[in-house]
Amino acid sequence: MARQVLVVVLAVMKFVLPPQVAASQPIPTHATPIELANADFERAREDDASRPAGWNKAGPGDSFQLDRKVFRNGAASLRITRSEGAPLTAVAQTFPAEPLRNTVVSLRAWTRTEGADTGGALILFATGDDRKMIAFALSESSAGDGSNDWVQQQVRMLVPPNAAHLQLGLRLTGAGTLWFDDVDALTWGVATTVPDAISAPAEKYLNDAITAIRQQALNSARVDWPAATSQARALASGAITTADTYPSIRHVLRLLGDGHSILRTPRDNAAAARSANQSLTDTRVSVIAGRPMLFVPGFASMDRDDAQQFASKLQQSLASMDKPECGLLLDLRGNTGGNMFPMLAGLAPLFADGDVGGLATANDGSVTWRFRDGAFVASSKEHDNVTRAAQPAMRIGNGNTPVAVLLGQTTGSSGEAVAIAFVGRPNTRSFGAPTAGLTTGNRPVKLADGTTLAITGSVMLDRTGKRYGGKLAPDELTDGTRVASPNGDAAVAAAIAWLDQQKACQR
């Protein structure tokens with residue numbers, strides 16, 4: 001297959017990867033090879049004997065070369081090390097996507113590490129005619145953080161019907177050294193997948209996940225479910241373990257088009273719990289032009305004790321302020337989301353009792369958000385979910401003290417829920433940039449191996465009943481970027497100017 005050169009940077013993306021898969025998932029017997037150039041790294045470029053022929057630089061880093069001392073077969077391999085100051089180093093080959101549209105493409109490679117994590121070492125990247133990314137997939141397995149012998153890894157992706165170019169890449173995003181050898185690429189159609197190509201446990205697991213998504217997703221009606229199921233089975237062809245079906249489940253979640261539904265593996269959940277301490281550290285109070293400002297970071301842990309501790313830290317931070325009843329700034333620009341309950345419970349001293357918003361669910365149900373006796377309560381027909389700090393702080397003033405809410409492009413999901421709770425609150429105004437646009441609610445569904453499906457099944461509402469589902473625009477549009485110096489922070493300057501005009505404790 002003729003190759004077409006295309007410069008596309010394999011961009012830095014934040015992903016939490018699932019545990020190691022012991023062996024590369026078997027390829028269907030009817031798969032067709034895609035001809036790669038110099039797949040065994042035996043040939044060097046004519047103009048540079050240290051570089052592999054046929055592979056092009058595809059990231060900001062430049063630390064890749066042929067290694068003639070470490071290899072799996074033949075006499076050479078590709079060695080990648082982290083480039084100083086670069087977030088990743090990558091090489092790739094690019095193909096016209098038209099012959100591969102609506103097929104599954106698999107990229108496999110043997111990897112060896114020295115002090116590196118191989119999670120996400122393989123990447124497939126599809127772009128449209130405008131050269132913008134329309135699909136990608138990363139290898140699921142991780143060989144750990146130590147030194148490992150050769151292990152075969154694999155990544156699979158369904159090539160979109162509108163793809164113009166397909167890039168097959170090898171990359172390193174962390175420290176250490178990573179070797180690649182004996183790369184291959186194969187493709188197979190969706191309709192030709194052998195029905196019994198998936199193990200019984202993997203098939204049940206995949207079916208259970210698809211059923212849960214279909215029943216609970218807000219955008220379920222937008223999906224062609226027979227086609228989605230066929231695509232998922234094609235991606236899962238050869239699956240033995242439940243982890244082998246993760247790419248298939250992620251593909252189905254992406255078909256929903258909500259941009260919010262995710263699959264969280266047991267490793268993801270453990271990492272979220274470990275991040276709780278960082279969120280506590282990141283919660284802080286500063287004073288800007290004589291006004292107190294509270295930074296509220298994202299909080300990912302779902303552990304009840306961690307949540308209560310975070311809510312308490314927020315309330316302690318409010319209590320530590322000098323004259324917060326005279327007005328304060330609430331910085332949500334770095335709040336990427338997570339668990340909204342401890343965030344709002346921690347901010348309870350800023351609210352009078354009453355409704356502040358809620359959710360409209362896919363099946364005409366509803367959840368109401370309210371503050372009651374110093375606690376945050378999410379009420380549905382079934383039950384009340386009550387979250388409070390361990391020792392609730394007293395309400396500041398009458399719950400109507402002036403609050404300037406700072407928003408930015410990374411204010412997302414639960415961070416946006418916090419912002420929506422302030423919409424319609426007396427003596428409140430927001431400043432900055434439109435938010436990330438994840439103003440929907442996710443419902444967790446636990447799968448058999450401890451993995452959690454976070455399925456977007458509802459849309460956020462403010463206290464007036466206004467329905468969101470997209471970006472939340474601030475009352476006053478400014479540059480929403482957080483900067484080191486408050487003197488150059490446009491959102492902070494606008495917020496201070498507004499606070500100075502309020503009647504509370506006028507100076």
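Mentor: In helix α2 (residues 225-235), the buried residues are Trp-225, Ala-228, Gln-231, Ala-232, Arg-233, Ala-234 and Leu-235. Buried means under 20% relative accessible area, exposed over 50%, and partly exposed in between (1.4 Å probe, protein chains only). This is a predicted model, where local features need pLDDT of at least 70, side-chain atom pairs count only at pLDDT 80 or more, and totals for chains, interfaces and linings use all residues. Residues are numbered from 1 along each chain as its sequence is written, and side-chain values use heavy atoms, leaving out hydrogens and water.

Trainee: What covers the buried residues of α2?

Mentor: Helices (H or I, at least four residues) and strands (E, at least two) are DSSP runs, numbered from the N terminus. The cover includes β8 (103-114), β11 (148-158), β13 (177-189), α1 (200-216) and α3 (246-255).

Trainee: Is Ser-414 buried or exposed?

Mentor: Ser-414, found in helix α8 (residues 414-422), is buried at 6% relative accessible area. Contact means heavy atoms within 4.5 Å; beyond neighbours within four places in sequence, Ser-414 is in contact with Gly-337, Gly-338, Asn-339, Met-340 and Met-343. A polar atom of the Ser-414 side chain also lies 3.3 Å from the backbone nitrogen of Met-340.

Trainee: How do I read a positive phi?

Mentor: Most residues other than glycine have a negative phi. Here Asn-102 has a positive phi of about 60 degrees; Asn-102 is in the loop between β7 (89-96) and β8 and is partly exposed at 44%.

Trainee: Where is Asp-373?

Mentor: Asp-373 is in the loop between β19 (366-372) and β20 (375-379). Its phi is positive, near 55 degrees, and Asp-373 is exposed at 59% relative accessible area.

Methods: A polar contact is a pair of N or O atoms within 3.5 Å; within protein, one must be able to donate a hydrogen and the other to accept it, and residues adjacent in sequence count only if both atoms are side-chain atoms.
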